[in-house]
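Thanks for coming, everyone. I have one structure to walk through today, so let me put it on the screen.

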Amino acid sequence: MSGSGLFPADTTEDVRARAAGAPRQVAVLPVGSFEQHGPYLPLATDTLVACAVARDIAAAYPVHLLPPVTVSCSHEHADWPGTVSISAVTLHAVVRDIADSLRRSGIGALVLVNGHGGNYVLGNAVQEATARGERMALFPAPEDWEAARERAGVETSLQSDMHAGETETSILLHTHPESVRPGYETADFLADDRRHLLTTGMSAYTDSGVIGRPSLGTAEKGKELLASLVDSFAAYFTLLTSEEDERDVRVVRDVRVVPDVRVVQDVPPERV
């Protein structure tokens, strides 16, 4: 079972019962942020998105849903009031500590559901964990987002739909419509060339904090985005629960072959 809000409603007996029929338990950790999302979306947008994805995954797969990490690496948004960040070192340590704790309680695989593109360090955390022989994955990958956008009919390109745009607005219109304030209908702003983003931060590219076309957002698109991501998760679940060593398995279009490579998911470099 899972909660309807940000926090799961499982008891320890629910976790025990779910483990009884599973070859390997998989935990799902939503990782969000607390950063500006323009004048119409809440600071907790990325956390709400990560939780929505994770919650729908937990409704479809026998996974252990964890409460979210709500503050992460949002340094590029520091020029806007309300934004709060922790260091990449701290976020990495939190993820590793959670994974260690889960293994001690018998849960051997962890999926990081990332809602904030600026959490680049999560990719490193997964790489290092798999190198140590642990089972960890980062979700969604850029390909998962692209498939979801195509299925949902999102019009803005992945490059242009960077922050508080069509995708995020659609997901919140579907899952938390009460949190979307008026103004998104007229807030479109594009800045596709952001090559100095890491040096200058977001304020060099947008005054409002928005880069994207939120006016195109709809609740129906949000529903389809989430449905597509739930379908995409099937390959991750199969990979992490396989009896084979995931370092010897490559997934291509949901078909498993066995060359000597390791699957590593990278954080999309531009989605923040």
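Let's start in a loop. Thr83 sits between β2, residues 64–65, and α3, residues 88–104. Keep in mind that this is a predicted model. Is Thr83 buried or exposed? Its relative accessibility is 18%. The cut-off for buried is under 20%, so Thr83 counts as buried.

Who surrounds Thr83? Set aside the neighbours within four places in sequence. Then Thr83 is in contact with Phe34, Glu35, Gln36, Leu43, Ser74, His77 and Ala78. Take Phe34. Along the chain, Phe34 and Thr83 are 49 residues apart. Their C-alpha atoms are separated by 5.7 Å. Now Gln36. Its backbone nitrogen lies 3.1 Å from a polar atom of the Thr83 side chain.

Asp161 is buried, at a relative accessible area of 2%. Its side chain has a polar atom 2.8 Å from the backbone nitrogen of Glu166.

Next, the sheet. It is open and has 4 strands, in the order β2-β1-β3-β4, with parallel pairing. Which strands are at the edges? They are β2 and β4, and each pairs on one side only.

Now the pairs. Leu29 stands opposite Leu112 of β3. On to β3 and β4. They pair in the parallel sense over 5 bridges. There, Val111 stands opposite Ala137 of β4. To get from β3 to β4, the chain passes through helix α4, residues 121–131. That β-α-β crossover is right-handed.

Stay with β4, residues 135–139. How many of its residues are buried? The count is 5 of 5, and the strand is mostly covered. Side chains in a regular strand alternate between the two faces of the sheet. In β4, Arg135, Ala137 and Phe139 point one way. Met136 and Leu138 point the other way.

Last, confidence. The mean pLDDT of the protein is 90. Of its residues, 88% reach 70 or more. Where does pLDDT stay under 50? Look at residues 246–270. For that stretch, the model has 62 contacts beyond four places in sequence.

Terms used. Residues numbered from 1 in each chain as written. Predicted model: local features only at pLDDT ≥ 70, side-chain atom pairs only at ≥ 80, totals over all residues. Heavy atoms only, no water. Buried < 20%, exposed > 50% of the residue type's maximum accessible area, 1.4 Å probe, protein only. Polar contact = N/O pair within 3.5 Å; in protein donor to acceptor, adjacent residues only side chain to side chain. Helix = DSSP H or I, 4+ residues; strand = E, 2+ residues; numbered from the N terminus. Contact = heavy atoms within 4.5 Å. Pairing = 2+ DSSP bridges. pLDDT = per-residue confidence, 0-100. Right-handed = clockwise from strand over helix to strand, strands pointing away.
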